[in-house]
Structures are given as structure tokens and as C-alpha cells.
Amino acid sequence: MIKPIEQVFLQRQEHFLIPAEMVANVQEDNKLDHAFLVLTKVRYATIPVLDKKQHFKGLLSLSMLTETMLGMNGIDSTKLSSKKVAEVMQTDVQTIKLPYDIEEILHLLVDRPFLVVVSDEGMFTGIVTRREIMKAFNFVAHDLDKYYDIIAKKDIRL
């Protein structure tokens with residue numbers, strides 16, 4: 001990443017993290033019917049799963065719940081009350097730690113709507129969303145010339 005753009009991103013990085021207390025989550029021992037209610041109420045497709053001590057354990061999505069409800073004869077929502085989140089959650093989730101690398105975040109968010117941030121001890125710290133990074137990019141795209149003189153080296157034809 002070129003230094004001027006990296007500098008602008010670094011100056012705005014405190015805005016990237018949405019703290020844990022602001023992020024909807026479920027616990028790994030919650031029943032799936034509770035998780036379904038949480039996901040429905042917050043209108044997120046995916047939320048973090050934590051243990052009782054607030055360690056990050058995985059992600060749970062609406063599609064995982066839907067898959068659990070599907071049967072040979074249609075949808076059976078009663079299955080949700082008999083299973084726990086830990087039985088269906090995704091556990092192979094890439095996480096990042098503070099201080100995070102801006103370039104790594106940009107690469108990882110290409111395929112994800114958010115990244116989970118954990119402490120060295122695995123405690124859930126919060127999330128970095130694609131939305132917040134796009135807001136920073138929007139700032140760079142519109143305001144970089146307020147901080148740097150930009151001179152074209154040659155005519156660019158893409």
C-alpha cells in the first residue's frame with residue numbers, strides 16, 4: 001500500500017472497531033431457537049458465538065439455522081429447541097488482533113462482511129466491518145488531496 005493512503009487509513013483506524021458491547025452475539029450453549037430470535041431481531045445474517053467468559057468460539061448464521069430446520073417434508077422449526085449453538089456454528093473462523101494490519105484487513109474483507117477482533121487470550125473485543133473500511137476509503141477518495149499534493153507521473157489508461 002502506498003504510504004500516503006496507508007497514513008490516512010491509520011489516522012482513521014480507531015473508527016474501524018465496533019466494540020464487543022455493541023455487537024449482538026449468542027453463547028455456545030444457547031438453544032438454536034434463542035439464536036434464531038436474536039438473529040431475527042438484530043437483522044444480521046451472521047453473529048459471533050461466545051462462551052460464558054466472553055471468549056470467541058465461532059460464528060452462527062441464519063443459513064445454518066435454516067439448514068437445521070430443513071427436513072424431508074419441509075421446514076421443521078421444532079428442531080431448533082433441541083439443539084445448541086455449539087452443534088451447528090462455524091468454528092474455523094479467521095480472527096485478527098489489535099493492533100491490526102490495515103493491508104491484511106483490506107484483503108480479508110474482500111470476501112467477508114466483517115472480521116472478528118480478539119485479544120491475545122481469545123477474548124471477543126469487537127468487529128471490524130467492511131462498511132467502516134469503505135467509509136475510510138470514501139474519505140481517502142474525496143479528501144486525500146487536502147493532505148497531499150497529487151501529481152500524475154504519466155497518463156494512465158486502464
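This is a predicted model: local features need pLDDT of at least 70, side-chain atom pairs count only at pLDDT 80 or more; totals for chains, interfaces and linings use all residues.
Q: Which strand gives the most to the lining of the second largest pocket?
A: The residues lining the second largest pocket include Gln90, Asp92, Val93, Phe114, Leu115 and Val116. Its lining splits into 6 nonpolar, 3 polar and 3 charged residues. The top contributor, with 3 residues, is the strand covering residues 114-118, namely S8.

Q: And what is the volume of the largest pocket?
A: Its lining is made of 14 residues, with Tyr44, Thr46, Phe114, Ile127 and Thr129 nearest the centre. Sorted by class, that lining has 10 nonpolar, 2 polar and 2 charged residues. As for the space inside the largest pocket, it's about 270 Å³.

Q: Which element gives the most to the lining of the largest pocket?
A: Three elements put in at least two residues each: strand S3 (46-50), strand S9 (124-129) and helix H5 (130-147). The one giving the most supplies 3 residues, and that's S3.

Q: Where is the kink in H5 centred?
A: End to end, H5 doesn't look far off: its 18 residues reach 24 Å from first C-alpha to last, close to the 26 Å expected at 1.5 Å a residue. Still, H5 has a kink of about 50°.

Q: Which elements do the buried residues of H5 pack against?
A: Residues three or four places apart on an α-helix point the same way, since there are 3.6 residues a turn. In H5, the buried ones are Glu132, Ile133, Ala136, Phe139, Val140, Asp143 and Leu144. Their packing partners are helix H1 (3-12), helix H4 (102-108) and S9.

Q: Is glutamate 132 buried or exposed?
A: Glutamate 132 sits in helix H5, and beyond its sequence neighbours up to four places away it touches His15 and Phe16. Its C-alpha is 16 Å from that of isoleucine 96, which is 36 residues away along the chain. Because the relative accessibility of glutamate 132 is 12%, and the cut-off is under 20%, glutamate 132 counts as buried.

Q: What is the relative accessible area of arginine 43?
A: Arginine 43 is in the loop between helix H2 (32-42) and S3. It isn't a glycine, yet it has a positive phi of about 60°. Arginine 43 counts as exposed because its relative accessible area is over 50%, at 75%.

Q: What phi does glutamine 54 have?
A: Look in the loop between S3 and strand S4 (56-61) to find glutamine 54. At 35% relative accessibility, glutamine 54 is partly exposed. It's not a glycine, but its phi is positive, about 75°.

Definitions and conventions:
Residues are numbered from 1 along each chain as its sequence is written. Side-chain values use heavy atoms; hydrogens and water are left out. On a 1 Å grid over the protein atoms alone, a cavity is a set of points where a 1.4 Å probe fits but cannot get out, and a pocket is an open set with protein on both sides within 12 Å along at least five of seven lines; lining residues have an atom within 4 Å of a point. Grid points are joined across faces, edges and corners, and a volume is the space filled by probe spheres set on the points. Helices (H or I, at least four residues) and strands (E, at least two) are DSSP runs, numbered from the N terminus. Ala, Val, Leu, Ile, Met, Phe, Trp, Tyr, Cys and Pro count as nonpolar, Asp, Glu, Lys and Arg as charged, and the others, Gly among them, as polar. The expected span of a helix is 1.5 Å times one less than its number of residues. The bend at a residue is the angle between axes fitted to the seven residues ending there and the seven starting there. Buried means under 20% relative accessible area, exposed over 50%, partly exposed in between (1.4 Å probe, protein chains only). Contact means heavy atoms within 4.5 Å.
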